[in-house]
Amino acid sequence: MKKRISSLALAIMTVLSLGTISANASTMSVQWTNTDACSPVLVFSGTTAFCEATVMGKSNTSSITGKVFLQKRVNGSYVTMVTWSSKTTYSQTLMLSGSASSCTSGSLYRLGVTATIYNSSGTGETITCYSSAATCP
């Protein structure tokens, strides 16, 4: 499974290096001031959720602080089930990961990321983005 997650991370980085990501024709482009990309990915193996996210700042990024959280759809709304500790990097790219066992088969989940990206002037921009929803098998 570690090999699969590593391959997934490599695929994400390859796509990000191309500069564009298109999920479908109705996807809107988000314009951020300090942020180039936010890419959360949720994958299941049985009832275990494997969560990875990459946040990329623009070239003048001084630091990024962020955390990932797993949400379950309950009665039409998403409820946070697990939040992992925040992490900081003093580079242009922050990679986050976590896993959660005992997800409920047949339930819908998504991975969220909240990050603050600081530019070289010290101005922070806080963003939140989500993965596509996925059903736990």
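**Figure 1. Ser62 and its contacts in a predicted model.** This close-up comes from a predicted model. Away from its neighbours within four places in sequence, Ser62 is in contact with Thr89, Tyr90, Ser91, Tyr118, Asn119 and Ser120. Ser62 belongs to strand β3. Its relative accessibility is 33%, so Ser62 counts as partly exposed. A polar atom of the Ser62 side chain lies 3.1 Å from the backbone oxygen of Asn119. Gly122 also belongs in this view: its C-alpha atom is 7.6 Å from that of Ser62. Along the chain, Ser62 and Gly122 are 60 residues apart.

**Figure 2. The chain as a whole.** The chain has 137 residues, and 39% of them count as buried. Its secondary structure comes to one helix and nine strands. Read along the sequence, the pattern is α-β-β-β-β-β-β-β-β-β.

**Figure 3. The largest nonpolar core.** In soluble globular proteins, nonpolar side chains tend to be buried together. Here the largest nonpolar core holds 24 residues. Leu42, Phe44, Val55, Leu70 and Val113 touch the most other members. Which elements give two or more residues to this core? They are β1 (35–45), β2 (48–57), β3, β6 (93–100), β7 (108–119) and β8. Strand β7 gives the largest share, five residues.

**Figure 4. Val55 and its surroundings.** Val55 is one of the core residues that touch the most other members. Val113 is itself named with Val55 among the core members that touch the most others.

Figure 5. Gln71 has its place in strand β3. Is Gln71 buried or exposed? Its relative accessible area is 7%, so Gln71 is buried. The Gln71 side chain makes two polar contacts shown here. One, of 2.7 Å, joins it to the side chain of Arg110. Another, of 3.1 Å, reaches the side chain of Thr80. Not counting residues up to four places away in sequence, Gln71 touches Tyr78, Val79, Thr80, Met81, Leu108, Tyr109, Arg110 and Tyr130.

**Figure 6. Arg110 over the rings of Tyr78 and Tyr130.** Arg110 lies over the face of Tyr78, 3.9 Å from the ring centre. Its charged end also sits over the ring of Tyr130, at 3.7 Å from the centre. Tyr78, Tyr130 and Arg110 are among the residues that Gln71 touches. The side chain of Arg110 has its polar contact with the side chain of Gln71.

**Figure 7. The aromatic pair Phe69 and Tyr130.** A pair of aromatic rings is described by the distance of the centres and the angle of the planes. A search of the whole structure finds two such pairs. In the one shown, the rings of Phe69 and Tyr130 have centres 6.1 Å apart and planes at 85°, so the pair is edge-to-face. The pair links distant parts of the chain. Phe69 is in strand β3 (residues 61–74), Tyr130 is in strand β8 (residues 124–130), and 61 residues separate them. Phe69 is buried, with a relative accessible area of 8%. Tyr130 is partly exposed, with 38%.

**Figure 8. The disulfide of Cys38 and Cys129.** A disulfide is a covalent bond between the sulfur atoms of two cysteines. The model has one disulfide. It joins Cys38 to Cys129, with a distance from S to S of 1.8 Å. The torsion about the S-S bond of Cys38 and Cys129 is about -45°, so the disulfide is left-handed. Cys38 is in strand β1 and Cys129 in strand β8, 91 residues apart. Cys38 counts as buried at 15% relative accessibility. Cys129 is buried too, with a relative accessible area of 10%.

Figure 9. For Cys136, the closest cysteine sulfur is in Cys103. Cys103 is buried, with a relative accessible area of 8%. Cys136 is buried, with 1%.

Technical notes
Residues numbered from 1 in each chain as written. Predicted model: local features only at pLDDT ≥ 70, side-chain atom pairs only at ≥ 80, totals over all residues. Heavy atoms only, no water. Phe/Tyr/Trp six-rings, centres within 6.5 Å; stacked < 30°, edge-to-face > 60°. Helix = DSSP H or I, 4+ residues; strand = E, 2+ residues; numbered from the N terminus. Buried < 20%, exposed > 50% of the residue type's maximum accessible area, 1.4 Å probe, protein only. Lys NZ or Arg CZ within 6 Å of the ring centre and 35° of its normal. Core = buried A, V, L, I, M, F, W, Y, C linked by side-chain atoms within 4.5 Å. Polar contact = N/O pair within 3.5 Å; in protein donor to acceptor, adjacent residues only side chain to side chain. Contact = heavy atoms within 4.5 Å. Disulfide = S-S within 2.5 Å.
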